[in-house]
Amino acid sequence: YQRRVHGVAQGLLFMGKGLLTLNPFHSDRGLMCAPAVAGLLVVLHACLDMQGLLLGKYHFLLFYLVCAISPRMTVTTDEDLQPIQVSVRVGQAVDTVAVAGRPKAITGFQTHNSPVLLQFMDRCELATDKYTSVTPILEDVVILQKNPEAKEEV
């Protein structure tokens with residue numbers, strides 16, 4: 001009994017070699033995905049009778065966790081979905097509501113080349129204006145397009 005519970009726990013902890021997580025939230029933790037919450041609740045409810053359900057003949061109930069799996073990394077691609085390396089700043093998320101001017105969305109940042117691995121409360125933004133993002137939120141797979149108004153570096 002304990003060996004199988006230990007195996008399930010290790011599988012969830014090291015899911016995707018640490019590159020995946022169980023998270024029902026997306027879009028910078030602003031939206032909650034109802035199917036992901038439902039999948040988590042199904043498994044949590046099945047854990048009330050772990051021996052009879054999850055470790056017994058209904059082990060397939062663990063597949064309900066798939067709805068809540070999301071990547072922890074940010075990968076940048078061009079418009080043809082070919083991966084490109086760009087400089088991104090990764091730091092703690094800051095609330096920018098009602099801030100005048102050009103507010104910074106992160107604080108205490110470090111500059112990395114994409115792809116980058118994000119912690120739970122981290123946010124990333126593009127470090128240069130060479131590319132612009134198609135979406136305002138940089139999460140998971142981000143499609144970038146060349147910025148026509150970018151200044152040439154000398």
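Biologist: How does F60 count: buried, partly exposed or exposed?

Modeller: This is a predicted model, in which local features need pLDDT of at least 70 and side-chain atom pairs pLDDT 80 or more, while totals for chains, interfaces and linings use all residues. Residues are numbered from 1 along each chain as its sequence is written, and side-chain values use heavy atoms, without hydrogens and water. F60 lies in the loop between helix 3 (53-57) and strand 4 (69-71), helices (H or I, at least four residues) and strands (E, at least two) being DSSP runs numbered from the N terminus. Its relative accessibility is 43%, and buried means under 20%, exposed over 50%, and partly exposed in between (1.4 Å probe, protein chains only), so F60 counts as partly exposed.

Biologist: In strand 11, which residue is the bridge partner of T77?

Modeller: Strand 5 (residues 73-77) pairs with strand 11 (residues 141-146) in the parallel sense over three bridges; pairing requires at least two bridges found by DSSP. In strand 11, T77 has as its bridge partner I143.

Biologist: What is the omega of the cis peptide bond between S114 and P115?

Modeller: P115 belongs to the loop between strand 7 (106-113) and strand 8. The cis bond joining S114 to P115 has an omega of about 5°.

Biologist: What is the positive phi of L81?

Modeller: L81 sits in the loop between strand 5 and strand 6 (87-93). With 53% relative accessibility, L81 counts as exposed. Although L81 is not a glycine, its phi is positive, at about 65°.
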